[in-house]
Amino acid sequence: MDLIETLRRARIPQFTLPRLVGAVHARLPQLPPTLGLTTALNLALDRILPRDTLAPLTGKLVCLRVTDGGLTLHFTLTPKGFRPAVSSAKPDLMISARARDFLAVALREAVPATRFFNRRLLMEGDTELGLLVKNT
């Protein structure tokens with residue numbers, strides 16, 4: 001059994017990252033964690049994430065905001081895959097949640113729509129892109 005399967009079977013405890021963690025991360029460069037995210041997304045691209053389904057994301061600025069972690073990760077999809085984006089422009093899509101909620105969705109412990117309707121996952125910007133990301 002691989003690590004992802006083990007994590008999926010384990011129940012994630014309820015937690016919120018300490019304020020100090022968020023305060024420190026908010027002052028650090030966001031590029032290293034964004035590189036980690038885009039690397040993980042690229043590893044999943046074509047294996048788990050179908051490239052043709054994600055085509056509408058190409059060239060769009062997406063932002064994931066981990067509210068309790070002090071992270072704001074900007075990235076885009078290019079023909080070569082996901083890439084970090086350095087931009088002060090308003091993102092086409094911003095998804096915000098606590099670290100625990102992102103983890104629960106990523107490990108399929110929680111349905112994104114449920115988190116959205118419970119206001120634990122917030123989406124701002126292009127609604128169609130938000131639905132595409134949520135359904136993918």
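# Legends to close-up views

View A. Arg 119 is exposed, with a relative accessible area of 70%; exposed denotes over 50% relative accessible area, buried under 20% and partly exposed in between (1.4 Å probe, protein chains only). The model is predicted: local features require pLDDT of at least 70 and side-chain atom pairs pLDDT 80 or more, whereas totals for chains, interfaces and linings use all residues. Residues are numbered from 1 along each chain as its sequence is written, and side-chain values rest on heavy atoms, with hydrogens and water left out. Arg 119 occupies the loop between α5 and β5, and its phi is positive, near 60°. Helices (H or I, at least four residues) and strands (E, at least two) are DSSP runs numbered from the N terminus. In the loop between α3 and β1, Asp 46 has a phi near 75°. Most residues other than glycine have a negative phi.

**View B. The salt bridge between Asp 46 and Arg 51.** The side chains of Asp 46 and Arg 51 meet at 3.0 Å, N to O. A salt bridge here is a side-chain nitrogen of Lys or Arg within 4 Å of a carboxyl oxygen of Asp or Glu, and the model contains 5 of them by this rule. Arg 51 is partly exposed, at 32% relative accessibility. Side chains of opposite charge can pair when their charged atoms come close.

View C. Helix α4 spans residues 99-106, and its buried residues are Ala 99, Arg 100, Asp 101, Phe 102 and Ala 104. These buried residues pack against β1 (62-66), β4, α5 (112-117) and β5, contact meaning heavy atoms within 4.5 Å. Arg 100, at 1% relative accessibility, forms a salt bridge with Glu 109 at 2.7 Å, N to O; Glu 109 is partly exposed, with a relative accessible area of 24%. Asp 101 and Arg 115 meet in a salt bridge of 3.5 Å, N to O. Asp 101 belongs to α4 and Arg 115 to α5, so this pair ties together parts that are 14 residues apart in sequence. Asp 101 is buried at 2% relative accessibility, and Arg 115 is buried at 12%. Salt bridges with shared partners join Arg 98, Asp 101, Arg 115 and Arg 120 into one network.

**View D. Phe 82 and the largest nonpolar core.** This core, a set of buried Ala, Val, Leu, Ile, Met, Phe, Trp, Tyr and Cys residues joined through side-chain atoms within 4.5 Å, has 23 residues, of which Leu 49, Leu 54, Leu 57, Phe 75, Phe 82 and Phe 102 touch the most other members. At least two core residues come from each of α3 (31-44), β1, β2 (71-78), β4, α4 and α6. Strand β2 gives the largest share, 4 residues. Phe 82 is buried, at 4% relative accessible area; residues up to four places away in sequence aside, its contacts include Thr 38, Leu 41, Leu 49, Leu 54 and Phe 75.

**View E. Aromatic pairs.** Rings of Phe, Tyr and Trp (its six-membered ring) pair if their centres lie within 6.5 Å; planes under 30 degrees apart are stacked, over 60 edge-to-face and the rest tilted. The count is 2 aromatic pairs by this rule. Phe 75 and Phe 82 pair edge-to-face, 6.0 Å centre to centre with 65° between the planes. Phe 75 is buried, at 6% relative accessibility. Phe 116 and Phe 117 also pair edge-to-face, 5.4 Å centre to centre with 70° between the planes. Phe 116 is partly exposed, at 34% relative accessibility, while Phe 117 is exposed, at 64%.

**View F. Gln 30 in the loop between α2 (19-27) and α3**. The Gln 30 side chain lies 2.9 Å from the backbone oxygen of His 25 and 2.7 Å from the backbone nitrogen of Thr 72. A polar contact is a pair of N or O atoms within 3.5 Å; within protein, one must be able to donate a hydrogen and the other to accept it, and residues adjacent in sequence count only if both atoms are side-chain atoms. Neighbours within four places in sequence aside, Gln 30 is in contact with His 25, Gly 70, Leu 71, Thr 72 and Leu 73.

View G. In α6 (residues 127-135), Leu 129, Gly 130 and Leu 132 are buried. Viewed down the helix axis, they fall within an arc of 160°, so they line one face of α6; the arc is that of the directions from the helix axis to the C-beta atoms. The buried residues pack against β4 (93-97) and β5 (121-125). Thr 127, Glu 128 and Asn 135 are exposed on the other side. Asp 126 caps the N-terminal end of α6, with a side-chain oxygen 2.9 Å from the backbone nitrogen of Glu 128.
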